[in-house]
Structures are given as C-alpha cells and as structure tokens.
Amino acid sequence: MAAEPWGLEDLFARFAAIGSSNARFVETREVSLLNAPMESSGTLTYRRPDFLEKRTLQPQAESLRLDGDRLTLTQADGASRTLSVSSVPEIQTYVESIRATLRGDVPAIMRFYEVALNGTEQDWRMQLTPRADEARATVQRIVIAGREAVIRRIEILQADGDRSIMTIQPDPA
C-alpha cells in the first residue's frame, strides 16, 4: 500500500496544534570579517499565537523578544531597544520565517517566501527564499529542518555570504 502524500499543509497543520514549546539552542555565526565563528547558546520559548523569545545565556546574557508586532532586544548591560516589526520589511520577513512556521500559517509563509519542502514527516527540510527585493538584499535563503512538528535546525544564508546555523534541542514535555 502506497504512503499517503505529505506536504506543507500537513506539516503546518501539526505546528498549528502546538500551543507552546521550549527548547535549548546553540548558534554558530560565520562572519566574513572575523577569523573564527562566533558561538552562542541559550533558550527558546514559543507561545501561540505570536510570542517568541530567544534568551542567549552564553557568551553573554541577551534577549530577543517578539510579542505581536513588538520586537525588543535587551543587551547584556540591560539596555533595551523596541521596534515595530511591520515597520522594517527585512526584519518582518525574517521574523515570519519562524513565526509563520510555528503558527502553522501557510498563507503567511507563502506571502513572504517561495517555499520548497523536501523529505518526509520524520525528516523534512524547508527552503525559504524571500519574495521581497528588500529582504533578498539581506537574506539569500533560510533553511528550516526538523522531524514531525519539531524544528531541529535553522540555517540562514545572508546575501553578503555570512551565515548562521542554529541547532535546537527541544525540552522534554
């Protein structure tokens, strides 16, 4: 008996059923101006429908918090900056790569990206290419990979050749 077809709608339906999640991450950034990659680690928190927080613990404490349209960056010295995501198209495009995926929002991901999904439910890879010229000037592509409705890796290739790879380990439920 042939396996049932599997695709973006199936994957996103699984994400849409998740109310919240927590994970640990390790991120490696390769920047052409630096001799060695930079590594950071910390925690990730998601609460439906549009709250995300990336709390960096190493090498120094920082947080990036998205709550609705408001993005707040708090640095190690306590200084913080807040902006409206929708007022900065390049940031909105990046934010929606993660937020629309976690929400299971197919129309939103399709509005911001050309989407190519490969693999199976147990081992999938989604390549996102920004549709907007402003976003492509910053981000060449984002590749999100995972298993079922769990993101395990996010790779961002910037237009200037710099890249970051975030590996994600979900906290046990």
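**Close-up views of a predicted model**

View 1. Helix α1 spans residues 8-16, and its buried residues are Leu 8, Leu 11, Phe 12 and Phe 15. Viewed along the axis of α1, these buried residues fall within an arc of 90 degrees, so they line one face of the helix.

**View 2. The aromatic cluster of Phe 12, Phe 15 and Trp 124.** These three residues form one aromatic cluster. Two aromatic pairs are counted in the model. In the pair of Phe 12 and Phe 15, the ring centres are 6.3 Å apart and the planes make 85 degrees, an edge-to-face arrangement. Both residues belong to helix α1, where they are three residues apart, about one turn of the helix. For Phe 15 and Trp 124, the centres are 6.1 Å apart with the planes at 85 degrees, so this pair is also edge-to-face. Because Phe 15 lies in helix α1 and Trp 124 in strand β8, the pair ties together parts that are 109 residues apart in sequence. Phe 12 and Phe 15 are buried, and Trp 124 is buried as well.

View 3. Eleven strands form an open sheet with antiparallel pairing, in the order β6-β5-β4-β3-β2-β1-β11-β10-β9-β8-β7. Strands β6 and β7 are the edge strands, each pairing on one side only. From one strand to the next, the twist averages 15 degrees. Helix α1 packs on the sheet through contacts with β7, β8 and β10, and its direction makes about 100 degrees with that of β8. Helix α2 lies across β2, β3 (51-58), β4 (62-67), β5, β6, β7, β8, β9 (139-147) and β10, and runs at about 15 degrees to β9.

**View 4. Two strand pairings within the sheet.** Strand β1 (residues 20-30) pairs with β2 in the antiparallel sense over ten bridges, and Ala 23 stands opposite Leu 44 in β2. Strands β5 (residues 70-74) and β6 (residues 80-84) are likewise antiparallel, with five bridges between them. In this second pairing, Leu 73 stands opposite Arg 81 in β6. Five residues separate β5 from β6 in a hairpin, and Gly 78 in the turn has a positive phi of about 95 degrees.

View 5. Ser 97 lies in helix α2 and is buried, with a relative accessible area of 0%. Beyond residues up to four places away in sequence, Ser 97 touches Ile 109, Tyr 113, Leu 128, Ile 142 and Ile 144. Ser 41 is placed in strand β2 (residues 38-47) and counts as partly exposed, at 21% relative accessibility. With the same exclusion of residues up to four places away, Ser 41 touches Phe 25, Val 26, Arg 55, Thr 56, Leu 57 and Gln 58. Ser 41 and Ile 142 are 101 residues apart in sequence, and their C-alpha atoms are 20 Å apart in space.

**View 6. Arg 47 over the ring of Phe 51.** The charged end of Arg 47 sits over the Phe 51 ring, 4.0 Å from the centre of that ring.

How values were computed:
Residues numbered from 1 in each chain as written. Predicted model: local features only at pLDDT ≥ 70, side-chain atom pairs only at ≥ 80, totals over all residues. Heavy atoms only, no water. Buried < 20%, exposed > 50% of the residue type's maximum accessible area, 1.4 Å probe, protein only. Helix = DSSP H or I, 4+ residues; strand = E, 2+ residues; numbered from the N terminus. Arc of directions from axis to C-beta. Contact = heavy atoms within 4.5 Å. Phe/Tyr/Trp six-rings, centres within 6.5 Å; stacked < 30°, edge-to-face > 60°. Lys NZ or Arg CZ within 6 Å of the ring centre and 35° of its normal. Pairing = 2+ DSSP bridges. Axes fitted to C-alpha atoms, helices over the stretch in contact; angles between N-to-C directions.
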